[in-house]
Each structure stands twice: as structure tokens, then as C-alpha cells.
Amino acid sequence: MTFTHYINSFIRLVYCTLLLSVGALDINAQPIEQDEAPNFDDPKVQRSIQYMLERAQLTRTLAAEHLIYLNENRTSADIKLMEDAAQVMAFNLVCNDEKIVEKTLGHIAADTSFRIAMLAGESTISQRLAQITSSQEVNHRMELIGDIATTVLMFEVGRRQGLFEALVTDFGVKRFCSGMQDDMRTRYNDLASNLGSAS
């Protein structure tokens, strides 16, 4: 599974789970025809959309606060690994390095998301997260924490990708990628060797 497929699959899974949770999807229903558009006047669809918007706002708020915590604790080994992972992912998006295997990068993304999620227990969001999830089932708790971790990781990747693309504008793709490749490959190999070692 590629890094992009990992993220897209995660988003689709969460979307379908949310629709099922408010009854907007019937798992026994016939498949929707290609040219059949959703009925946005349907109260179930409206409730689903409202639920997703509220969930997205909650996720963004908690992810932003979690990011502040991570930025203030950058000496942590797990946070350093997250930063390395974000740099390698961003580098590969810009340079498409032949030595970086997409499947392994997907595993690194999953492992990094797990580390970010585990750090939520130590973060300033921990108390609010405990309050929100105290009345939720385990799978809903895990989904929210997973959403927060994925949002944090995507922000970190996007921030570095923006920086790298600005440098590409200044130096050109070939010069930038060749100048960064040794360092990024070393980080990638270190991350690959650390897979599954999260405490």
C-alpha cells in the first residue's frame, strides 16, 4: 500500500463509518447507480454532513493543540522520528526517489501515526480527549484519535513539502533532489529499521 493509498483508504474508512453511525448508509441496500447523485434534501444525508463537519472541526481543534504540544517537546525520540518521517514523505512527494519504496513508506506513515496517537496520552489534549471519549465506544475513540494523528502527520508533511517546493523553485529539481537525497535516504533507512518499535 502506497503512502497516498494509505491516507485515502483511511479517509474513506472513516467517512463510511461516520455515515453508518448515523444511519445514512444501509449496508443491505442495492449499489447506487453511477449517475445517481445523493439527495442532499434527505434528513439522513443532512445529519451525516452535519456530523462530519462537527467531527472535522473537533479533529482540527484537537490536532492543532496536539501540534503545539509536539512542537514544545521536540527532544522526545518519538517526535524526532515523526519529524524525520514527515521530511522523508515530503521529499519523496517532490523528488520521487527510486530508493524509497512506496510500500515501506506506507508502513512508516502508519507507524508514525501510531506514535503520534500514543503521545496524545501525554499531550495537553489528554483531559479533553478523555472527557469527549468517556461516553463513546472503543472503536469511536480509536477513530477520533486516529483522525487527530493523521491530521497532525499530514500537516507536518504538507509544511515540509511547501518548503521543499520553494527550494526547488530556487535551485531546480535536479540540484535540490541530488543535494538532499543522501540525507533523506539515511533517514528513510533509519525509519524503516525502527518500524514497530513504538512503546
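Me: Is Cys 177 buried or exposed?

Reply: Cys 177 counts as buried, because its relative accessibility is 11%. Buried means under 20% relative accessible area, exposed means over 50%, and partly exposed is in between, using a 1.4 Å probe and protein chains only. Before we go on: this is a predicted model, where local features need pLDDT of at least 70 and side-chain atom pairs count only at pLDDT 80 or more, while totals for chains, interfaces and linings use all residues. Residues are numbered from 1 along each chain as its sequence is written, and side-chain values use heavy atoms, with hydrogens and water left out.

Me: Okay. What does Cys 177 form with Cys 95?

Reply: A disulfide, with the two sulfur atoms 2.0 Å apart. The rule is a pair of cysteine sulfur atoms within 2.5 Å, and the count by that rule is 1. Cys 95 sits in helix α3 and Cys 177 in helix α7, so to speak distant parts of the chain, 82 residues apart. Helices here are DSSP runs (H or I, at least four residues), and strands are E runs of at least two, numbered from the N terminus.

Me: And which hand does that link have?

Reply: Left-handed, with -90 degrees about the S-S bond. Cys 95 is buried too, because its relative accessible area is 16%.

Me: Switching to α7 itself. How far apart are its end C-alpha atoms?

Reply: They are 28 Å apart, which agrees with the 30 Å that the 21 residues (173–193) should span at 1.5 Å a residue. The expected span is 1.5 Å times one less than the number of residues.

Me: Where is the kink in α7 centred?

Reply: On Gln 181, and the kink is about 45 degrees. The bend at a residue is the angle between axes fitted to the seven residues ending there and the seven starting there.

Me: What covers the buried residues of α7?

Reply: The cover includes α3 (77–95), α4 (102–119) and α6 (138–171). Among the buried residues of α7 are Phe 176, Met 184 and Tyr 188.

Me: Which residues touch the most other members of the largest nonpolar core?

Reply: Leu 70, Met 89, Ile 148, Val 152 and Phe 176, out of 40 residues in that core. The largest share, 11 residues, comes from α3. A nonpolar core is a set of buried Ala, Val, Leu, Ile, Met, Phe, Trp, Tyr and Cys residues joined through side-chain atoms within 4.5 Å.

Me: New topic: how many salt bridges does the count come to?

Reply: The count is 9, where a salt bridge is a side-chain nitrogen of Lys or Arg within 4 Å of a carboxyl oxygen of Asp or Glu. One of them joins Arg 187 and Asp 84, with the closest N and O atoms 2.7 Å apart. Arg 187 is in helix α7 and Asp 84 in helix α3, 103 residues apart.

Me: Which residue does Arg 185 meet in a salt bridge?

Reply: Asp 97, at 3.0 Å from N to O. Arg 185 lies in helix α7 and Asp 97 in the loop between α3 and α4, so the pair ties together parts 88 residues apart in sequence. Arg 185 and Asp 97 are both buried.

Me: Last one: which residues are linked with Asp 78 in a network of salt bridges?

Reply: Asp 111 and Arg 115. The C-alpha atoms of Asp 78 and Arg 115 are separated by 6.5 Å, although these residues are 37 residues apart along the chain.

Methods
Contact means heavy atoms within 4.5 Å.
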